[in-house]
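Hello,

Here is the structure I promised to pass on. Please open it alongside this note.

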Amino acid sequence: MARQQDAPKSEFKETIVNIRRVAKTVKGGRNMRFSVTMVVGDGKGRVGVGLGKAQEIPEAVRKATEDAKKNMITVPMVGTTVPHRNVGVYGAGRVLIMPAAEGTGVIAGSSVRVVLESAGLKDVRAKSIGSHNTVNMALATMEGLKNLTTIEKVAALRGKSVDEIAR
């Protein structure tokens, strides 16, 4: 009798941010489903946030994980922090992401912290402004990380050297 092998270990760390029971009212009553928000990251600069909805929680988690892997971005990092301050906006949620000195740690609210740690950032500060909805906060953090740029990219865009920009 052949044994079933375990699924190959993923290189990504998967974290559930939010599980909600949502209802849709239809003619016969209410249709209940589960909505899951998932963060997937490798801890080396790649991170993604995904949403999944299904009648069962495991199926919703699987869908959210697939969505997160599909929507992964690479975060520019300077050592263990971000290159500059930035504001990410999604819906009514705003997240201010700021670089921090080495040894500071991740200072941020719940879902923002999960996204930043999954990306591999170790020294960063963040402030939630506006909405405190966990899904909006996670997606606003992703928008903020997506808009970060390094000094090398700016120098290349302007056709100058890094020394000229850094002055």
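This is a predicted model: local features need pLDDT of at least 70, side-chain atom pairs count only at pLDDT 80 or more; totals for chains, interfaces and linings use all residues.

First, the ground rules. Residues are numbered from 1 along each chain as its sequence is written, and side-chain values use heavy atoms, with hydrogens and water left out.

Overall layout. The protein chain has five helices and eight strands. Both are DSSP runs, numbered from the N terminus: helices are H or I with at least four residues, strands are E with at least two. Read from the N terminus, the order is β-β-β-α-β-β-β-β-α-β-α-α-α. The C-alpha trace spans about 65 × 50 × 30 Å along its principal axes. Of the 167 residues, 40% count as buried. Buried means under 20% relative accessible area, exposed over 50%, and partly exposed in between (1.4 Å probe, protein chains only).

The sheet. Four strands form an open sheet in the order S1-S2-S3-S4, with antiparallel pairing. Two strands pair if DSSP finds at least two bridges between them. S1 and S4 (73-74) stand at the edges with a single partner strand each, so one side of each has no neighbour in the sheet. S3 and S4 are joined by two bridges. Arg46 has Thr74 in S4 as its bridge partner.

The core. The largest nonpolar core holds 27 residues. Such a core is a set of buried Ala, Val, Leu, Ile, Met, Phe, Trp, Tyr and Cys residues joined through side-chain atoms within 4.5 Å. Val47, Val75, Val115, Leu116 and Leu145 have the most contacts inside it. Suppliers of at least two residues each include S3 (46-54), H2 (110-119) and H3 (134-146). H3 gives the most, with seven residues. Leu145 touches Val47, Ile73 and Val115, among others, leaving out residues up to four places away in sequence. Contact here means heavy atoms within 4.5 Å. Another core, of 10 residues, lies apart from the largest one and includes Val36 and Ala54.

The surface. Ile16, Ile19 and Ile57 make a nonpolar surface patch of about 220 Å². Patch residues have over 30% relative accessible area and no salt bridge, with nonpolar side chains joined within 5 Å. Ile19 lies in S1 (residues 13-26). Its relative accessibility is 40%, so Ile19 counts as partly exposed.

Best wishes

Terms used
Patches are made of residues with over 30% relative accessible area and no salt bridge: like charges are joined within 9 Å, nonpolar side chains (Val, Leu, Ile, Met, Phe, Trp, Tyr) within 5 Å. Accessible areas come from the Shrake-Rupley method with a 1.4 Å probe; for residues, only the protein chains shown count as cover. A salt bridge is a side-chain nitrogen of Lys or Arg within 4 Å of a carboxyl oxygen of Asp or Glu.
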